[in-house]
Structures are given as structure tokens and as C-alpha cells.
Amino acid sequence: MTDKADEIAALLAPTVAALGLELLGAEYLTASGGAVLRLYIDVPEAEAASRSVGIDECEAVSREVSAQLDVEDPISGNYTLEVSSPGLDRPLFSAPQFARFVGESAKVTLKLPQDGRRRLQGAILRVDGERIVFDLDGAEFATTAENIEKARLVPDWVALGLAPAQDKSGRDARPGKQKSSKKKDVAGKAPAAKKNSTNHPAASGPLDAE
């Protein structure tokens, strides 16, 4: 998160917690037409198996947070407030959130480059305090939560049943779904000659062999 997003998240977290929810983090995006403040909320981890965030929860948080922002006024100028559940590709804002999803894949953008890279994608191997270790093609890559600008989980769409499995060539691996690479020879009549407006056969050039 940016410093501004950190500041706003710290300000609003108690309000969200009072509603029985958790403020995962905030995104503060500036643009010429006005800023966007996006809040991501979820149920506490202990209750994740029994309840989830829906429209009612988002609306309740939006009402309470809007009132607090009007009083505290941490944002100068116009802005749009968005309150959202984390979704399958949930954003990760802190080391404890990374620790919750050890073993899953994440896509990460760093604030400062490390080993010549600012972007990476790999499985979360472990979390030691504020140090997060990823598996990048079999090698370990470690960074700190402070140096992460943004991060999101990468869902396994195949395991979720939302995408077909693929073989090594990238083709659909479901039975009966493989397509032959051979062209089919179609036997048939030669195409009829086209006619022009005078009803005489129009000239046609030779057909290119495939």
C-alpha cells in the first residue's frame, strides 16, 4: 500500500472491526478527474467457514466509513469510495495475510527492484516475521512486506473447476477435446463460376493450393 493508503486503512480499521468485519487493506488511486479510495473487507479468519462478505456488508461499511471520512477529512478534493470483498484473486497487504496463504501462488510488484526484477509470480513458501519467501522456478526469492507495492493471489482456475486442464502443449486435456493438427482433405465439386451483371461467367484466377 502507499503511505496515504496505509494512513487511511489505519484510520478506518476500528470502524470496520466494530461491524464484525476485517479491513484487509486500502488502495488510494489518484487521477485527473478525482481520486478513488478502494477498501477490501472480509469476515474474520475464524469465521471464514461459516459466513462471507456480501452486498449488505459492503453497504454497511460504506455508510459508516463515509460518515467517518466526512468528519476526519483525510482526503482533499473529490474522490470515489468503493468497498469490495476480496474475491478469488484477493489482494494481500501484510505479512500475516501472506502467511495465511502459504503454498498458494501470488503475483507481486515490488516498490524497489531486487535481483533486477520488480515483478514476480511464485508460490508463497513461508513467512518469517516481515520476511516473505517465494518459490520462483525452484529457487527461493525473499523480500519484506514493506517492499511490496501490491500483491494478489493467483487462483488455480483448473482446481476450482472454472477452466479446463491443459496438457504440456497447452491444449485442452479433457477427453474428446483434443483437436487433430492434420488438415482434412475434402472431396467435392469445383466451385461454380461467379457471374457478372451481364450473366457471362466472370473470370477467376487459379486456386492457390494449400
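**Notes on the predicted model**

1. Let me begin with the largest nonpolar core, which has 26 residues; the members that touch the most others are Leu37, Leu39, Ile41 and Val65. Two or more residues of this core come from each of helix H1 (3-18), strand S1 (22-29), strand S2 (35-42), helix H2 (55-72) and strand S3 (79-84). Please keep in mind that this is a predicted model.

2. Apart from neighbours within four places in sequence, Val65 is in contact with Leu12, Val16, Leu39 and Leu81. A second, separate core holds 17 residues, including Ala95, Phe101, Ala145 and Leu153.

3. Next comes the open sheet. Five strands make it up, in the order S7-S6-S5-S4-S8, and the pairing is antiparallel. Strand S7 (139-144) and strand S8 (148-153) are the edge strands, each pairing on one side only. From one strand to the next, the twist averages 40°.

4. Within that sheet, how many bridges join strand S4 to strand S5? There are six between S4 (residues 105-114) and S5 (residues 117-128), and the two strands run antiparallel. S4 and S5 form a hairpin with two residues between them, and Asp115 in the turn has a positive phi of about 50°.

5. S5 also pairs with strand S6 (residues 131-136), again in the antiparallel sense, over five bridges.

6. My last point concerns Arg90, in the loop between S3 and helix H3 (95-100). Is Arg90 buried or exposed? Its relative accessibility is 10%, and buried means under 20%, so Arg90 counts as buried. Leaving aside neighbours within four places in sequence, Arg90 is in contact with Leu24, Asp42, Arg100, Phe101, Ala151, Arg152 and Leu153. Of these contacts, Phe101 and Leu153 are also among the members of the second core.

Definitions and conventions
Residues numbered from 1 in each chain as written. Predicted model: local features only at pLDDT ≥ 70, side-chain atom pairs only at ≥ 80, totals over all residues. Heavy atoms only, no water. Core = buried A, V, L, I, M, F, W, Y, C linked by side-chain atoms within 4.5 Å. Buried < 20%, exposed > 50% of the residue type's maximum accessible area, 1.4 Å probe, protein only. Helix = DSSP H or I, 4+ residues; strand = E, 2+ residues; numbered from the N terminus. Contact = heavy atoms within 4.5 Å. Pairing = 2+ DSSP bridges. Axes fitted to C-alpha atoms, helices over the stretch in contact; angles between N-to-C directions.
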